Amino acid sequence: MNYHFLALFLLFTTVLRAQEPAADRIQQHIEKLASDRMKGRGTGSRENAKAAAYIARYFKKYGLKPLGGDGYYQHFTAKVRRVVVPDSVRKAANVIGFLDNGADHTIVIGAHYDHLGLGNQGSSLAENPQGQIHNGADDNASGVAGLLELAQYYARNDVKEPYNLLFMAFGAEELGLLGSRHFLNHPTLPLDRLNFMICMDMIGRYNPERGVGIGGYGTADAWPEVFRGVTAGIKFFTDRAGNGGSDNAAFYAKQIPVLFFHTGGHPDYHKPGDDPEKIDAKAEAEILKLEIRLIDNAMKLPKMIFTPVK
């Protein structure tokens, strides 16, 4: 036996395994973004800006090209409308990194990174939300962790895919999908070059009885072919609708096919109890592996044709 060859083979396969989504990295990202020190990542807060900088550092680490207009950042102004507050107009930003494979078309992978802060911007379901930290571990530190895991996977897999990949962390989603709508109205990449959009929002509280829901199955005729024969380490089901739930709705409104991944509601939704220790990082890793299988299948096909869901 050629032991030198065997050692190289084992090293190579170990590196490949290391690139797959991993529960420990997922948990690490969530604990960072949803710690009490981040004070709920409310739009316009110093902690929200820290979360954006955290994401940008990883985009840079993975070698993604800045595509926000100001480096990785696409700045915009957000307005609080659900409640009356003295600082209703706030600074916000999307964080955008581009994996350029020299292809004609691009796949968008996105998740919002903002949450409800200290309960002063509306949308909290707590009885007395003001002053309470809404950590938003599931909503949506879990989605951002997924975004970063997929970014590192595709940036480091030594494969030049037939599509480019645009990784986007959206700001001000909780104020009405403001970040994704701002990008779509001020795109840093032509919209007609976008193939489809993957959205992750609340993928950290897996319920094995329900499974992970995947919305948007009806937004392109090609999705059934993409899903054909795909298996996963977790239970999943599809839903045709693509116009609700999260930032995917903004892309659907622009007639871009979408898939929306979501593990469902829970008693801590939009409450201070949405904490990191309640996340199922192992299940999230399996959800991300499922997403990779679907994305890879989709990249074998021509650019998708949008179909409205009636």
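I began with K39, which at 40% relative accessibility counts as partly exposed, because that class lies between buried, under 20% relative accessible area, and exposed, over 50% (1.4 Å probe, protein chains only). This is a predicted model, in which local features need pLDDT of at least 70 and side-chain atom pairs count only at pLDDT 80 or more, while totals for chains, interfaces and linings use all residues. Residues are numbered from 1 along each chain as its sequence is written, and side-chain values use heavy atoms, with hydrogens and water left out.

K39 gathers with K32, R37, R46, K50 and R57 in a surface patch of positive charge, where patch residues have over 30% relative accessible area and no salt bridge, and like charges are joined within 9 Å; a salt bridge would be a side-chain nitrogen of Lys or Arg within 4 Å of a carboxyl oxygen of Asp or Glu. Helix α3 (residues 46-61) gives the largest share of this patch, three residues; helices are DSSP runs of H or I with at least four residues, and strands are runs of E with at least two.

I then turned to strand β3 (residues 89-99), where nine of 11 residues are buried. Strand β2 (residues 73-79) pairs with β3 in the antiparallel sense over seven bridges, pairing requiring at least two DSSP bridges, and A78 stands opposite R90. Strand β5 (residues 164-170) is also antiparallel to β3, over five bridges, with F167 opposite G97.

Definitions and conventions:
Patch = residues over 30% accessible without salt bridge, like charges linked within 9 Å, V, L, I, M, F, W, Y side chains within 5 Å. Areas by Shrake-Rupley, 256 points an atom, 1.4 Å probe, with all protein chains shown as cover. Lys, Arg positive; Asp, Glu negative; His and termini not counted. Charge placed at Lys NZ, Arg CZ, Asp CG, Glu CD.
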